[in-house]
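Subject: Structure handover

Hi,

Here is the structure I promised to pass on.

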Amino acid sequence: MTEPLLSIADLRVAFATRQGLVRAVDGVSLDVREGECLGIVGESGSGKSVTFAGVMGLIRPPGRIEGGSIRFEGRELVGLDPQAYRRLRGRDIAMTLQDAQTSLNPALTVGTQILEVLLAHGDDLPSGRARLRAARQRAVDMMTLVGIPAAARRLGDYPHQFSGGMRQRMMIAIALSCRPKLLIADEPTTALDVTIQAQVLELIASIRATLGMSVVLITHDLGVVAEYCDRVAVLYAGQIVESGPTAQVISDPRHPYTAGLLRSVPVLSHLDRPIHPIEGQVPDLIDLPPGCRFLPRCPMARTACHNPVPFHAFAEGRAARCVLAEAPR
Amino acid sequence: MRSVALLQRLLHLVPVLFGVTVIVFLMMSLTPGDPAEIMLANQNATPEQVASLRHDMGLDRSLPTRFVTFVGHAVQGEFGLSLFHRRPVAAVIAERLPATIELSAAALLFALFMAIPLGVVAAVHRGGILDRLATVGSLFGVSLPGFWFGILLLLAFAVNLRLLPVSGAIDFAHQPPGLTGFLVIDSVLAGRMDSLGNALAHLLLPAITLGLPMAAILMRVTRASMLEVLRQDYITFAEAKGLGRTRILALHALKNALLPTVTVAAIETGSLLGGNMVVETVFGWPGLGRLVVESIFVRNYPLVQAAVLLYAVTYVLVNFVADMLYTVLNPRVRM
């Protein structure tokens, strides 16, 4: 098999706080293959956003990458020279943030905000006067592709002159303007109305097909994952607890946390079915016992769980961090 | 569209300026002491002579009548005779005004060029040595009284090191031909580099003294708003776009962070006007501030009245300019 587009191995990210070292990401390993859509699921604080801030090279003090490796197209990104990283960001790996309202600069026109990416990375743009014209054309093309009507006329508008859905489209257009190989979409739907959520996800899916890029969809919504992702990785307390093909993970979860997440989702067709929230709370990431991090909340806890549990493959393409992973539920 | 809004905003100034005029007029009328009596105080004047002067000055008429006359004259730039100079107040002020504007502008420039870069650097390297130096320095800047700091500068640079002149706005030998009254501009217009150098050397210390407290406050405001802005999602997004550090700081961050700085700068320009009186006195600066101080001592009421009105109008206009600048920086408040 060819090398994956993005390969994260044993990534560890910690934040120095007054209370102690917070290990926000603790040994995360995952691959993103060419052209696939990988779903990253986890609650707030599970480390899903921090992992990909690490991929983008955007961990700032007091945060620090403590160890592990991030390889993109075979190239090591941990410790990469800042200038080289800058050229990579926005061109090869792009990211959209949760809320377009706060992610677009209110003081600059959207034209400025999309053109600057194109001009910063446009090695293939012509030089001189034609450069700006070519960049404008690309900006308009991309805005049209994401479904912004009359794109050319909107270049001079400010973000506040766009509706919520259009702002989200604009942010996606900016992220995709240099046609990256990988798009990291950090909770692309959380800040949107339900009706617009579907539009934005459909848009990402269709552009993914058009441009042939890989997508990492960070979300806490298993429904979104089921609909759009080829594979899924579930994060809990800074570690991946389960990963595998989406359909298999959803129909046959092998980690009690994944199972718990699935049980806590209301199903519209069976509203009479009771919802089972997971009891207890996410552990404090400062003083963690060596054993399974889900242990205090786990309905199936046993003695072996007090020892470190390895994240291990138990079937083709599937892995989990649970001593009971081999046994189907 | 924008010019209509601009016009509306300008029309709003009319009632404000009218209010200011009423207040200035009333304050001067209610101040104890009869100008006519003060003018004739040392001349053993008879009550008839005082009454005659009061009549000449219009002081025997009713307050509303005097107000209408005052406003009528004021809009034509007529503020009566300066009692001390025996010349029209407007002419005396016009003579002194350029020096004050020049000094204030220099102080404002000094403050902005100190405060904005320092504020940005302090915020970016929060907790670093430069940040701490700038923060402590700004505390000094706000706390040092202008008259004391000015004298200190004079002692160091003019008296001991003899690097800079002690007082005045220019040396007689370097006086450029007076076209505008602004020494720096006149020097450039006349192509007199010696005059320009001399004028700038005179300008340096008073401008620093006058601008320092403002620089200190603006530095703190810029630092605080920069810290706030750097936490915003749009900065993270700009970084994720692979933009250079300079572009992110100078365009994405600063354009948002300058909003509070502009507002405070406009308010502080008011205190610049007050600071002028102290600094001009310390440095023997031939400006309006010193003229007003001298006029207060000799109870030159017409001049003080006109100057106070001028200060008030300036203050209102500066805030108007700040509002306009605000709409440039912040597209959301564009009408």
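A quick definition before the sheets: two strands count as paired if DSSP finds at least two bridges between them. Also keep in mind that this is a predicted model.

**Chain A: an open sheet**

With that rule, four strands of chain A make an open sheet, ordered β2-β1-β4-β5, and the pairing is antiparallel. At the edges sit β2 (20-32) and β5 (75-76) of chain A, each of which pairs on one side only. Strand β1 (residues 6-17) of chain A is joined to β2(A) by ten bridges, the two running antiparallel.

**Chain A: strand β9**

Next, have a look at strand β9 (residues 231-236) of chain A. How many of its six residues are buried? Six of the six are, so the strand is largely enclosed by the rest of the structure. The cut-off behind that is 20 or more other C-beta atoms within 10 Å of the residue's own.

In a regular strand, side chains alternate between the two faces of the sheet. For β9(A), both faces are covered: one side has R231(A), A233(A) and L235(A), the other has V232(A), V234(A) and Y236(A), and all are buried.

What does β9(A) pair with? Strand β3 (residues 37-41) of chain A runs parallel to β9(A) and is joined to it by four bridges. Strand β10 (residues 239-245) of chain A runs antiparallel to β9(A), with six bridges between them. R231(A) is a handy landmark here: L38(A) stands opposite it, and R231(A) also stands opposite P245(A) in β10(A). The hairpin of β9(A) and β10(A) has two residues between the strands, and A237(A) takes a positive phi near 50 degrees there.

**Where the chains meet**

On to the contact between the chains: 19 residues of chain B are in contact with 25 residues of chain A. On the chain B side, the elements giving two or more residues are α10 (233-240) and α11 (245-282). The largest share, seven residues, comes from α10(B). Sorted by class, that side of chain B has seven nonpolar, seven polar and five charged residues.

The crossing of α10(B) and α11(B) is right-handed. Y234(B), I235(B), A238(B) and E239(B) of α10(B) make the contact with I248(B), H252(B) and A253(B) of α11(B). By class, this helix contact has five nonpolar, one polar and one charged residues.

**Chain B: V92 and the annotated span**

One residue in chain B I looked at separately is V92(B), in helix α5 (residues 89-124). Is V92(B) buried or exposed? V92(B) has 24 other C-beta atoms within 10 Å, which means that it is buried. Leaving out residues up to four places away in sequence, V92(B) touches S82(B), H85(B), R87(B) and L303(B). A224(B) is 132 residues from V92(B) along the chain, and their C-alpha atoms are separated by 43 Å.

Finally, UniProt lists residues 97-322 of chain B as "domain: ABC transmembrane type-1", in an unreviewed entry. In the model, that span is 80% helix and 0% strand, and its end C-alpha atoms lie 22 Å apart.

Cheers

Conventions
Residues numbered from 1 in each chain as written. Chains lettered and ligands numbered in written order. Predicted model: local features only at pLDDT ≥ 70, side-chain atom pairs only at ≥ 80, totals over all residues. Buried ≥ 20, exposed ≤ 12 C-beta atoms within 10 Å, placed from the backbone. Contact = placed C-beta atoms within 7 Å. Nonpolar A, V, L, I, M, F, W, Y, C, P; charged D, E, K, R; others polar. Left-handed = near helix turned anticlockwise from the far one by under 90°. UniProt positions renumbered as here; feature names shortened; annotations may be inferred.
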